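The stops below go from one selection to the next.

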Amino acid sequence: MPFAHWGAAPWWPVLPLFWAAFWVTMATLFLRARGRGWSPRTAPWAPGGGTQVSPTAAAEKILAERYARGELGDDEYFQRLAVLRGGFD
């Protein structure tokens, strides 16, 4: 027993300080995440949580990609975009 002559290990205050720092860090990370709009109900691992892309947003992205490649002209792009957004003009 190397520390038997000291009565107790000299490093015993390190463990409570470590756990205090750990829990303060966890609380800080949690509060910062909540401040940015995170919630356990919207977490990716939660049932039905995570980021879900609407079908309209996915279609708009495909439309924008086709427009960027030059497959659609200006008029056709804006006409199809208006249809997707509900303006059936």
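Start by selecting Glu76 and Arg80, whose side chains form a salt bridge at 2.7 Å, N to O. A salt bridge here is a side-chain nitrogen of Lys or Arg within 4 Å of a carboxyl oxygen of Asp or Glu. Both residues sit in helix H3, four residues apart, or about one turn of the helix. Helices are DSSP runs (H or I, at least four residues), numbered from the N terminus. Glu76 is partly exposed at 31% relative accessibility, and Arg80 is partly exposed at 35%. For these labels, buried means under 20% relative accessible area, exposed over 50%, and partly exposed in between (1.4 Å probe, protein chains only).

Before moving on, note that this is a predicted model: local features need pLDDT of at least 70, side-chain atom pairs count only at pLDDT 80 or more, and totals for chains, interfaces and linings use all residues. Residues are numbered from 1 along each chain as its sequence is written, and side-chain values use heavy atoms, with hydrogens and water left out. Colour by pLDDT, the predictor's confidence in each residue from 0 to 100: the protein has a mean of 80, and 73% of its residues reach 70 or more.

Next, select Glu60 and Arg85. They form a salt bridge with the closest N and O atoms 3.2 Å apart. This pair links distant parts of the chain, with Glu60 in helix H2 and Arg85 in the segment after helix H3 (74-84), 25 residues apart. Arg85 is exposed, at 59% relative accessibility. Show the surroundings of Glu60: leaving aside neighbours within four places in sequence, Glu60 is in contact (heavy atoms within 4.5 Å) with Leu81, Leu84 and Arg85.

Now go to Arg66 and Glu71, a salt bridge with the closest N and O atoms 3.0 Å apart. Arg66 is partly exposed at 26% relative accessibility, as is Glu71 at 44%. Between them, find Gly70, which follows H2 and has a positive phi, near 90°.

Finally, select Phe18, Trp19, Phe22 and Trp23, which form one aromatic cluster. Rings of Phe, Tyr and Trp (its six-membered ring) pair if their centres lie within 6.5 Å; planes under 30 degrees apart count as stacked, over 60 as edge-to-face and the rest as tilted. The structure holds seven such pairs. In one of them, the rings of Trp19 and Phe22 have centres 5.5 Å apart and planes at 85°, so the pair is edge-to-face.

Note on methods: Helices (H or I, at least four residues) and strands (E, at least two) are DSSP runs, numbered from the N terminus.
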